[in-house]
Amino acid sequence: MTRTDRQRWLLPSHLAEPGGSGAARPRRTVRDWIVDTTLFLLAAFVGLLAADTSARYTSGTVTLLDQLAGAAACCALWTRRRWPAGLAVGLSLLNVVAPVAAGALLASLFSVAVRRPFREVAWIGALAVVTSTVQVFVRPDPTTSTGLSLALGCMLILLVTAWGMLVRSRRQLVEALRERARRAEAEAELRAAQAQRLAREAIAREMHDVLAHRLTLLSVHAGALEFRPDAPPEQIARAAGVIRDSAHEALQDLREIIGVLRAPGENDGDRPQPTLVTLDALVDESREAGTEVVLDSTVDDPAAVPAATGRTVYRIAQEGLTNARKHAPGTTVTVTVRGRPGDGLTVDIHNPAPEGPVPHVPGSGQGLIGLTERAALAGGRMEHGPDPDGGFALHAWLPWPA
């Protein structure tokens, strides 16, 4: 549950309810009840002040009618969310003969400004100004001059309307930002999916080259047996062993091939495939590029590591060193490789936090998504994330059959 979900009661109903803006009658939130009650009390307070003033120079019957009209106007405010425009028009007309409805009229004008477009707000506000002007002459206040009453009425209507339009603009901005955030999340998920797909295609193309090499080797030895059936038993046994090993490794590589083997028109050639043996060369390249790398490997015979596992280790180390150069330049990167047949192979890459600010690199994180996918396809797992000291750590485990 997010922070917004926990504090949904602080939002207006049309923002709190999912899809609430299109609902006919979204349920009031706690905030809505507080706002409605506050407006009702303020309108009642203004009505009481107006009734007390008019009672000084009007008869008892008129005062009673004013009080009833004011009470009805205040109670009608509870419908302002359902019929804001109709309520504002009705209270504007009532305000002509009942000054006690002035507070309720201002509250309804605020609701119209918040919920209706400018054209509708403009003509309703103009109607309120006209009726307020007429009310000054129909029910004049002997204690206040006509000019002051007219100016005060127009100023209050304009202030309340402007305030409501400001609230409406802010709500529209919040909705636009929420929509932009949802769109950004969707685009991030799409980029992650694309990164996974590209990683899968890259792995498939890489495995295609290795598989072609192994099948070619298998075909050569099988052809030798076909054309030399009278070969010595030792040579036949050696060729059969090579065929068996190549077929086994080819089946392992074939399990990793997914998606499209090679994009149309792409020709990568017979490129050499990296393995754990070439990890030292990768570290040397990083050192020549200016990165301080500490390699700690306890694997006695890197050539004995299966080719697919060695390639995965190489790619993980390559991506880890690249990320360290981009996000923590000037730091010392530690690459640790442990393992033996039967127990699996572990790779740990760690770099401390950079000393100064580092500019943001666009597209960061896509390589880690691909590495996670590569490790999973190899039958292993990979974890990565920041360290408590501010650095970054990457840990991977890959199977190494006995």
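In what order do the five strands of the open sheet stand? The order is S1-S2-S3-S5-S4, and the pairing within this sheet is mixed.

Before selecting anything, note that this is a predicted model, in which local features need pLDDT of at least 70 and side-chain atom pairs count only at pLDDT 80 or more, while totals for chains, interfaces and linings use all residues. Residues are numbered from 1 along each chain as its sequence is written, and side-chain values use heavy atoms, with hydrogens and water left out.

**The whole chain**

Of its 402 residues, 34% count as buried, where buried means under 20% relative accessible area, exposed means over 50%, and partly exposed lies in between (1.4 Å probe, protein chains only). The chain exposes about 23000 Å², of which carbon and sulfur atoms supply 61%; the areas come from the Shrake-Rupley method with a 1.4 Å probe, and for residues only the protein chains shown count as cover. If contacts are drawn (heavy atoms within 4.5 Å), residues 24 or more positions apart account for 69% of those with a separation of 6 or more.

**The sheet**

Select the five strands of the open sheet. Strand S1 (292–297) and strand S4 (381–386) stand at its edges with a single partner strand each, so one side of each is left without a neighbour in the sheet. Neighbouring strands are turned by 10 degrees against each other on average, direction ignored; axes here are lines fitted to C-alpha atoms, for helices over the stretch in contact, and angles run from 0 to 180 degrees between N-to-C directions.

Next, select residues 332–340 and 344–351, which are strands S2 and S3, paired in the antiparallel sense over seven bridges; two strands count as paired if DSSP finds at least two bridges between them. Arg340 stands opposite Gly344 in S3, and in the hairpin of these strands, which has three residues between them, Gly342 takes a positive phi near 95 degrees.

Move on to strand S5 (residues 392–398), which pairs with S3 in the antiparallel sense over seven bridges. Along this pairing, Val347 stands opposite Ala396, Ile349 has Leu394 as its bridge partner, and His350 has Ala393. S5 also pairs with S4 in the antiparallel sense, over six bridges, and there the partner of Arg381 is Trp397. S4 and S5 form a hairpin with five residues between them, and Gly390 in the turn has a positive phi of about 100 degrees.

**Helices on the sheet**

In H11, select Thr309, which is buried with a relative accessible area of 7% and touches Leu345, Leu398 and Pro399, not counting residues up to four places away in sequence.

**The cores**

Of its 28 residues, Leu276, Val299, Ile316, Val335, Leu345, Ile349 and Met382 touch the most other members. The elements giving two or more residues to this core are H10, H11, S2, S3, helix H12 (366–377) and S5, and the largest share, six residues, comes from H11. Centre the view on Val299, which, leaving aside neighbours within four places in sequence, is in contact with Leu276, Val305, Val337, Gly339, Leu345 and Trp400.

A second, separate core of 23 residues includes Leu39, Ala43, Ala73 and Val121.

**Helix H3**

Finish with helix H3 (residues 30–54), whose 25 residues reach 36 Å from the first C-alpha to the last, close to the 36 Å expected at 1.5 Å a residue; the expected span is 1.5 Å times one less than the number of residues. Among the buried residues of H3 are Asp32, Asp36, Leu39, Ala43 and Gly47.

Note on methods
Helices (H or I, at least four residues) and strands (E, at least two) are DSSP runs, numbered from the N terminus. A nonpolar core is a set of buried Ala, Val, Leu, Ile, Met, Phe, Trp, Tyr and Cys residues joined through side-chain atoms within 4.5 Å.
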